[in-house]
Amino acid sequence: MMTKKKVRIGMIGYKFMGKAHSHAYRDLPFFFDTEIEPVLQTLVGRDENAVRLAAEKLGWLSYETDWRRLLERDDIDVIDIGTPNSSHAEIAIAAVKAGKHVLCEKPLAMSALQAKEMWKAAEQSGVVHMICHNYRFSPAVQFAKKLIQEGVLGDIYHFRAQYLQDWIMDPEFPLVWRMRKEVTGSGTLGDLMAHSIDLSRFLVGEITEVSGLMETFIKTRPVGEMSGGLGAEASGDDRAEVDVDDAAAALARFENGAVGVFEATRFAKGNRNGNRIEINGSKGSVRWTMDQMNTLELYLEDDPIGMQGFRSINCTEVAHPYAGAYWPAGHPIGYEHTFINLMHEFMRGISGKGSSPSPTFEDGYRNQVVLDAIEQSATTGAKVSIKY
Ligand SMILES: NC(=O)c1ccc[n+]([C@@H]2O[C@H](COP(=O)([O-])OP(=O)(O)OC[C@H]3O[C@@H](n4cnc5c(N)ncnc54)[C@H](O)[C@@H]3O)[C@@H](O)[C@H]2O)c1
């Protein structure tokens, strides 16, 4: 039997993303023939009883109540950060300085300045670093990238993205960390539009200029806490002010001349996780939505007259990136598999020459520069040039 190199993970946070990441590490060797076996070594949480129960349920070998303990331990190779945004920088910088590889959830940081510090610290330490923009690891999105790279769509004119949710529309939905600026940085902008910006940079290229708009519809809410997934519970009778955006929009120009339109909101009734993109080029167009994540819609100008129209490609064939690792053609995969594909690249980076697979902390930084510029534009009303 081949002896696999064990990569021992220490993960901080065990609710929504903690569950997604735990599952991905566990399932990775099941689907991919890798030389590496991720070991769910230690789960970290501040509440001992809760973290012990979570470790048992999610399959971790041990737990800690202080993430700093992970830095001192020789039996931890990777630190995985699945905590709220304000904690990312402190943990990531300490982790890379301790020589640990790091996977960090998005958005990378609270500001571009902070994100740059994280990226530079990771580069200096020579560790493998990645940011968890999982949607680009859907086989259909990867296939769209291949088509664009091969010139099938021709010159790209438009990138259009909508990321629509509706989970906080009830005015009595508690004010959780995702709506507190000091913990989250921004609202829908950093939470949802960050993913759309990542898809745009992945598929079309760098953004050079943005105009932004942000709005908060519900100004105060009862104070509360996330209870897992996107659920929440009020902690008492106290109310507090919401100081982040409920909705955000942006216009953008890309380096290659394309124009971008972005919309993100948590107030689009009926849309639970409507993450959609459309790209229009001189020779064709593609459309993708998370609601039908295995499908890529493709229009090609070269199709015979009378037979032109969007076709639906079921991206479950061996020809579609990552799809061959799973089931026979026509047997779809889901949300969790985007994380498995991402973790596969992360492990390959660690097992290979040690280079960081994209999206790296540099991508996280560039994303954050765009987010900051949209926020600045929304505040001043003026267009903002992107400077890295
Ligand atoms: N990739 C994606 O699609 C995606 C989806 C959701 C969330 N996220 C990102 O993942 C991160 C976590 O979000 P979530 O939805 O899992 O949040 P969550 O509220 O469900 O879980 C956060 C976890 O962090 C723990 N925690 C909070 N502060 C901590 C601290 N100081 N030290 C140790 N543990 C701490 C909490 O106890 C909890 O276990 C955020 O950065 C968020 O933006 C990414």
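Residue numbers start at 1 along each chain, following the sequence as written. Since the model is predicted, local features need pLDDT of at least 70 and side-chain atom pairs count only at pLDDT 80 or more, while totals for chains, interfaces and linings use all residues.

The C-alpha trace spans about 65 × 60 × 40 Å along its principal axes. For 388 residues, a compact globule would have a radius of gyration near 21 Å, and the chain agrees, with 21 Å. That radius is taken over C-alpha atoms, and the globule rule is 2.2 Å times the number of residues to the power 0.38. Of the 388 residues, 48% are buried. Here, buried takes 20 or more other C-beta atoms within 10 Å of a residue's own, exposed takes 12 or fewer, and partly exposed is in between, with C-beta atoms placed from the backbone. Among contacts with a separation of 6 or more, 70% are between residues 24 or more positions apart; a contact means C-beta atoms, placed from the backbone, within 7 Å.

The chain splits into domain 1 (5-135) and domain 2 (136-333 + 366-380), with bounds from an automatic or database domain assignment. Their C-alpha centres are 24 Å apart, and 18 residues of domain 1 are in contact with 26 residues of domain 2. On the domain 1 side, helix H1 (16-31) and helix H5 (112-125) are the elements giving two or more residues. That side has eleven nonpolar, five polar and two charged residues. In this count, Ala, Val, Leu, Ile, Met, Phe, Trp, Tyr, Cys and Pro are nonpolar, Asp, Glu, Lys and Arg are charged, and the others, Gly among them, are polar.

So where does the ligand sit? Both domain 1 and domain 2 give residues to the shell around the ligand, so it lies between them. The shell holds 23 residues, and the closest are Gly-13, Lys-15, Phe-16, Met-17 and Glu-105; to be near the ligand, a residue needs its C-beta atom, placed from the backbone, within 6 Å of it. H1 gives the most, with three residues, and strand S9 (220-228) supplies at least two. By type, the shell has nine nonpolar, nine polar and five charged residues.

Elsewhere, helix H6 (residues 139-149) packs against helix H8 (residues 188-203) at about 35 degrees, with axes 10 Å apart. Axes are lines fitted to C-alpha atoms, for helices over the stretch in contact, and angles run from 0 to 180 degrees between N-to-C directions. H6 brings Val-141, Ala-144, Lys-145 and Ile-148 to this contact, and H8 brings Leu-199, Phe-202 and Leu-203. Six of these residues are nonpolar, none polar and one charged.

A few backbone details stand out. Most residues other than glycine have a negative phi, and most peptide bonds are trans. Yet Lys-106 and Pro-107 are joined by a cis peptide bond, with omega about -15 degrees, and the bond from Ser-358 to Pro-359 is cis too, with omega near 0 degrees. Tyr-322, not a glycine, has a positive phi of about 70 degrees. Tyr-322 is buried, with 22 other C-beta atoms within 10 Å.

Notes
Two residues are in contact if their C-beta atoms, placed from the backbone, lie within 7 Å. Helices (H or I, at least four residues) and strands (E, at least two) are DSSP runs, numbered from the N terminus.
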